[in-house]
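Q: Please take a close look at one part of this model. I would like the detail first, then its setting.

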Amino acid sequence: MWGCEPSDLTCEWCGNFVPVPSKSDIKRSAILKPSKEYGYNPSFYYPKRGGCGAVIDALTENISQLLVNTEISQIDLRNKKVFANGIIISYEYLVNTLPLSCFLEMLQSSPLKMLADDLRCQQVTVLLIAIKGYHHSFSWIYFPDKEDPFFRIGMQSSFSSNNAPADSYSYYVEFPGLINPSRSMEKKTIQILLKKGLINESDEILFSIWKHIPYGYVIYDNQRTSIVNMVLKDLENFQCLCAGRFALWEYSFIEKALIQGKDVALKIHTHSKSV
Ligand SMILES: Cc1cc2nc3c(=O)[nH]c(=O)nc-3n(C[C@H](O)[C@H](O)[C@H](O)COP(=O)(O)OP(=O)(O)OC[C@H]3O[C@@H](n4cnc5c(N)ncnc54)[C@H](O)[C@@H]3O)c2cc1C
């Protein structure tokens with residue numbers, strides 16, 4: 001998943017993501033169903049309709065001045081200006097949610113720019129598969145075996161029955177790094193899913209989509225934390241705050257991104273009232 005040796009990583013990312021069962025619990029789980037819940041999300045909220053995007057739609061419903069589908073190309077922290085597609089936007093406070101390395105690259109005449117290359121990240125390639133048939137639902141499963149080319153499989157149709165038609169289900173299969181979409185990898189994946197009993201011989205593959213995610217997993221190497229702390233502190237001096245998994249260059253999840261967004265809004269509100 002990380003695309004590097006464990007010895008290249010610190011343990012800082014483990015907290016929320018690596019369950020620590022006792023020896024007896026591990027032994028017990030070989031014969032009985034686990035009785036304890038592990039991890040940060042053994043249960044979670046999910047929109048009934050519209051997938052995760054429904055949360056964003058609801059949050060932005062009452063925002064009138066919203067510019068979307070606009071690529072930011074440069075940022076001038078000193079003069080408080082953002083450049084996008086020929087448009088120049090002036091701001092008082094800037095909240096960055098773009099990946100931190102990509103944000104730093106866009107900075108005009110700032111020494112922080114040269115740190116962008118020191119922030120490492122693993123890419124992810126996802127194969128989305130729609131299947132007609134029936135299968136018991138599950139949320140996601142990790143696959144640590146060396147022979148499996150993917151590391152995790154999830155089933156969107158189990159999160160909400162509205163995510164797929166009644167007689168169908170949908171999978172996302174996550175591969176580490178940049179994979180060239182190919183029929184042979186798709187066939188191999190289907191074969192493994194059959195072998196593992198995750199799909200049935202009688203199922204019909206309706207369609208599949210490959211998706212490349214350039215920012216997948218932030219790599220917690222030895223320099224990640226000191227660089228991130230220094231950069232975030234420096235940016236704050238320019239009334240620029242960051243929120244979200246990639247802006248804070250961390251391994252986290254959607255709930256945390258939402259809370260970070262709220263915290264940043266409160267911080268700006270308090271700061272603007274005090275000056
Ligand atoms: C492979 C993978 C699996 C995950 N699984 C889970 C999970 O199971 N559960 C969970 O809770 N979380 C999961 N996450 C994490 C979740 O996706 C993030 O926590 C969440 O998306 C962070 O939201 P965000 O708004 O901060 O950033 P993002 O969703 O990354 O949004 C940043 C946006 O900035 C845009 N952008 C980039 N550059 C520019 C530019 N120059 N100009 C304008 N826009 C730009 C991007 O297109 C993107 O839309 C997963 C993430 C990945 C990558």
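How many residues of the shell around the ligand are nonpolar, how many polar and how many charged?

A: The shell holds 10 nonpolar, 4 polar and 3 charged residues. Here Ala, Val, Leu, Ile, Met, Phe, Trp, Tyr, Cys and Pro count as nonpolar, Asp, Glu, Lys and Arg as charged, and the others, Gly among them, as polar. This is a predicted model: local features need pLDDT of at least 70, side-chain atom pairs count only at pLDDT 80 or more, and totals for chains, interfaces and linings use all residues. Residues are numbered from 1 along each chain as its sequence is written.

There are 17 residues around the ligand, and I72, G244, R245, F253 and I254 come nearest. A residue is near a molecule if its C-beta atom, placed from the backbone, lies within 6 Å of it.

Domain 1 (53-120 + 219-274) and domain 2 (122-216) each give the shell at least three residues. The bounds come from an automatic or database domain assignment. Taken over C-alpha atoms, the domain centres are 32 Å apart.

Two elements, β9 (204-218) and α7 (254-274), supply at least two shell residues each. Helices (H or I, at least four residues) and strands (E, at least two) are DSSP runs, numbered from the N terminus.

Strands pair if DSSP finds at least two bridges between them.

The partner of β9 is β5 (residues 121-132), joined antiparallel over 11 bridges. In that pairing, L127 bridges to W210 of β9, and I129 to S208 of β9. I129 also stands opposite Y171 in β8. β8 (residues 168-176) runs antiparallel to β5, with 9 bridges between them.

Finally, the setting. The chain has 7 helices and 10 strands. Its C-alpha atoms fill a box of roughly 65 × 45 × 35 Å along the principal axes.
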